[in-house]
Amino acid sequence: MQIYRSGSVLLTGAVAAALAVTALPAAHAAPSATAVISEVYGGGGNSGATLTRDFVELANAGSAPYEVDGVSVQYLPGSPSAGSQWQVSALTGSIAPGGRYLVAQAAGTGGTVALPTADATGTVAMAAGSGTVALVSGTTPLTCKTAAECAADTRIVDLVGYGSAVVREGGPVPGASATASVARAASLADTDDNAADLVSGAPTPVNTKGETSGGGQPPQEPGPTEPGDVRVHDIQGATRVSPLAGTAVTGVPGVVTGVRTGGSRGFWIQDTAPDEDPRTGEGLFVYTGSAAPTVKTGDSVLVSGKVAEYYPGTGTQSLTQITSPRTTVLSSSNALPDAVVLDASSVPGRYAPSADGGSIDALPLEPARYALDLYEALEGSRVAFADTRVTGATTAYDEIWVTVKPQENPTRRGGTLYASYEDQNTGRLKVLSLDPARPIPTANVGDVLEGRTTGVLDYASYGGYNVQATELGTLVDKKLRREVTRKQKKNELAVATYNVENLDARDDQTKFDTLAEGVAVNLSSPDIVSLEEIQDDNGAVNDGTTGSEATLKRFTDAIVAQGGPRYAWRYIAPENNKDGGEPGGNIRNVFLYNPARVSFTDRPGGDATTPVQAVDGWKGVRLSASPGRINPASPAWANSRKPLVGEFVFRGKPVFVIGNHFASKGGDQPLHGRFQEPTRSSETQRVQQAAEVNTFVASLLKADRSAQVVALGDFNDFEFSPTMKALTKDRALKPLITTLPEDERYSYVFDGNSQTLDHILTSPGVRRPDYDVVHINAEFADQASDHDPQVVRIKIGGNPWPWSW
């Protein structure tokens, strides 16, 4: 591998590495936590079919949009011959979190119903009974012909084999036919066993707009005109799962309290004659599928259908609903039930009951004791709150987070601090609008929704309990401003960290300019900037490119244009697709430095696979290679970014900087989920990574106890986490976030929680560091990155800093 630096010779072309294929289990290398193949149908246009075309439906199980530009869907016959080739259908656009994406394939001569408008169109004539479909990062045809070969191909994001398919994950899905597709469960769970993850059934294609085939439902037989024996509270029951799940119900009475025409279509009803049990909810969602609801708010209705529990994501709680409904409208313009007021006195201080990591589904609800139990008991019911503070800025999905408890762990700038695993913030709720005429306003953290907000309490995969508002308070702008840190003094070395969120040379100039302003103006042009999430020069295009020269040239040019210095850079290009992140993106850590203020000690020998060592010399400790990587072959760094280590000189003194980007929290059970306490499965790898960094720092300090070390970056974990304990073992490093007042200890906002994922830590040899988290992104609706940068200013020389923990 080559070490890249500014001012070096032109890069040579990318070299494709030969991969040895070994026998692996009949499954892809890792279950997908983002895009998955959610449905496959090869019977379109066949005799007996209703739909006229074959299709492949994709879904996004992740928490961020999944870009599919440069991605493809590929098809292989179920029993491929030596001459069989994968057929490719290229994709464009993106898939929203929880959303669907429809790929239309070849049409036949049968069928009468067209697919909804496809998001991409191919020409593949898929077999109805047997075949393999792969979601591939790239558009180059696959070459694998066996399950083991395909499992070794890292370009495959997800794979489904149906019928008697030779190539599949685990066992193939049975039951595909001219009239049946194979579809993944609503949770979108991917265990890498097709037979377990998908089942056959009637085809249900859905596109990115949520449209399905036919545009409506077939005519229904008339519903009852008198209430049946079942009420909403009978359906909701006293636990999270309905005692009537799977049961057909007739004539359930209620008043329509809200209607949703986009996304998951349907409406909410609420019984106007509640029972006396606070555990049994009186509200319920009625899911109408592809059909737009025909009822209006205030209609008195009787609903018949089937009771179902819908799990919107892996590990989430469920949403109780009536499906395949038949609805009788008895009258209109009825008064709505009173809304339950949510505030500091009504919402409990404890968050969730414990099941020792197991499911809480069967536990009796205790709404007076636990916030999650209260919200579950109010699922589908009208709630209201007033004068709430915004704790999570407006997102791209037109939603904001508020707190109904204004005194619950407030931050200095108006957010709500996430302070420990035991101290959940129970007053947080996500708010969306059901009124197209009054969408969610653009709000920043600390703004206020003044007056009354009313809506229906719902549950979704991302964020958990949310309010589908029918009445919104008025936004009061509290004038939150982006911070500007002070300029370092002549004898101070300023070292900063900034996660620039998948920056590559294909991004628009606005992103470069905004990020550059953050460095030049808000960070006051630090001497060294450790960057996380710099991608290769063509981003997610998976063609073997690993260099980032064009990306860094654009970025440093933009910094100069914003009044900053001309930075030089150092990095080590990763092995292709070995460092995690977006497939094909090859994200890495990068050092920018101002050569007018600080010099970089270049020492050859560092590459993507060679570990850097601390060398004890007569002049003091030095690095065996600079830049270098910490033990890159360690299992701790599997499919994850490797720390970048550099040796700098400031005012004649060496300073060792370690840029980090630890493994993400993807795969952890949600805080609001049905498993309590949630399992933090991703934490294991971060603890291992922290131990590797700690061991390396210890080796520097063993050679020179006064060595000045700065470890910084996106550690993807909290200051109170086991990761931080492993990182600071034996006081090799001190986390500077703990030197700030508690209400300032955050750099990231997630689900309305202000929290710390980014850190700067220093060794004992660093004298009296001056540390600042510079809030310019995480609290704002308009942001260049979802992380706030940080900077530490240190005076080089003098006595070591007297430590106190």
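View A. Ser333 sits in the loop that runs between β18 (319–331) and β19 (340–341). Keep in mind that this is a predicted model. Is Ser333 buried or exposed? With a relative accessibility of 71%, Ser333 counts as exposed, since the cut-off for that label is over 50%. Setting aside residues up to four places away in sequence, Ser333 touches Gly298 and Asp299. Gly298 is 35 residues away from Ser333 along the chain, yet their C-alpha atoms are separated by 4.7 Å.

**View B. Thr250 on strand β14.** Here we look at Thr250, which belongs to strand β14 (residues 248–260). Thr250 has a relative accessible area of 44%, so it goes down as partly exposed. Which residues does Thr250 touch, not counting those up to four places away in sequence? They are Pro224, Gly228, Val303 and Ser304. Gly223 makes another handy reference point: it is 27 residues from Thr250 in sequence and 8.3 Å from it in space, C-alpha to C-alpha.

View C. In soluble globular proteins, nonpolar side chains tend to be buried together. The largest nonpolar core in this model has 31 residues. Leu342, Tyr375, Ile400, Leu429, Val431 and Leu457 are the ones with the most contacts inside that core. Two or more core residues come from each of α4 (371–377), β20 (382–392), β21 (400–403), β22 (428–433), β23 (448–460) and β24 (464–471). Zoom in on Leu342 and, leaving out neighbours within four places in sequence, you find it in contact with Val347, Leu374, Tyr375, Leu378, Val383, Ala384, Phe385, Val404 and Leu429. There is also a second, separate core of 28 residues, which includes Phe512, Leu515, Leu523 and Val774.

**View D. Helix α5 crossing helix α6.** Two packed helices are described by the angle between their axes and the distance between the axes. For α5 (residues 509–522) and α6 (residues 549–561), the axes come within 8 Å and cross at roughly 55°. The pair is therefore oblique, and α5 passes α6 in a right-handed crossing. On the α5 side, the contact is made by Gln509, Phe512, Asp513, Leu515, Ala516, Val519 and Ala520. Sorted by class, the contact of α5 with α6 has 8 nonpolar, 2 polar and 2 charged residues.

View E. Most residues other than glycine have a negative phi, and most peptide bonds are trans. Glu677 is in the loop between β35 (653–661) and α7 (683–703).

View F. Asn409 isn't a glycine, but its phi is positive, near 45°. Look for Asn409 in the loop between β21 and β22; at 23% relative accessibility, it counts as partly exposed. Lys479 is another residue other than glycine with a positive phi, this time near 60°. Lys479 lies in the loop between β25 (474–476) and β26 (492–503).

Notes. Residues numbered from 1 in each chain as written. Predicted model: local features only at pLDDT ≥ 70, side-chain atom pairs only at ≥ 80, totals over all residues. Heavy atoms only, no water. Core = buried A, V, L, I, M, F, W, Y, C linked by side-chain atoms within 4.5 Å. Buried < 20%, exposed > 50% of the residue type's maximum accessible area, 1.4 Å probe, protein only. Helix = DSSP H or I, 4+ residues; strand = E, 2+ residues; numbered from the N terminus. Contact = heavy atoms within 4.5 Å. Axes fitted to C-alpha atoms, helices over the stretch in contact; angles between N-to-C directions. Parallel < 35°, antiparallel > 145°, perpendicular 65-115°, else oblique. Left-handed = near helix turned anticlockwise from the far one by under 90°. Nonpolar A, V, L, I, M, F, W, Y, C, P; charged D, E, K, R; others polar.
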